[in-house]
Amino acid sequence: MAGLAPTQSAPGLHISKPSPSEPATASAVCHCGATASAEGDAQVGALVAGWNANHGLAHGK
């Protein structure tokens, strides 16, 4: 799965939850230089909300 992780040259958001009993993990890299990572379902949810509000497509607005 390491090949799916976002990088400065390929920014984005990657979320993984291998099974229902394991916590979700996420990593994000924005083209503006911001980076973030999270572990745990609630923390990943917060990372996604922040990404949607402040990075990714939000930069196009």
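Colleague: Quick one on Cys32: buried, exposed or partly exposed?

Modeller: Partly exposed, with a relative accessible area of 45%. Bear in mind that this is a predicted model.

Colleague: And Cys30, buried or exposed?

Modeller: Cys30 counts as buried, because its relative accessibility is 1%.

Colleague: OK, so how many disulfides does the count come to?

Modeller: The count comes to zero disulfides. Cys32 is in no disulfide, and the nearest cysteine sulfur to its own belongs to Cys30.

Colleague: Fine, switching to the strands. Which sense do strand 1 and strand 2 pair in?

Modeller: Antiparallel, over five bridges. Strand 1 covers residues 12–16, and strand 2 covers residues 25–29.

Colleague: What stands opposite His14 over in strand 2?

Modeller: That's Ser27. Ser27 also stands opposite Ser37 in strand 3.

Colleague: How many bridges are there between strand 2 and strand 3?

Modeller: Five, and the pairing is antiparallel. Strand 3 is residues 35–39.

Colleague: What about the hairpin there: how many residues lie between strand 2 and strand 3?

Modeller: Five residues.

Colleague: Which residue in that hairpin takes a positive phi?

Modeller: Gly33 does, with a phi near 105 degrees.

Definitions and conventions. Residues are numbered from 1 along each chain as its sequence is written. This is a predicted model: local features need pLDDT of at least 70, side-chain atom pairs count only at pLDDT 80 or more; totals for chains, interfaces and linings use all residues. Side-chain values use heavy atoms; hydrogens and water are left out. Two strands pair if DSSP finds at least two bridges between them. Helices (H or I, at least four residues) and strands (E, at least two) are DSSP runs, numbered from the N terminus. A disulfide is a pair of cysteine sulfur atoms within 2.5 Å. Buried means under 20% relative accessible area, exposed over 50%, partly exposed in between (1.4 Å probe, protein chains only).
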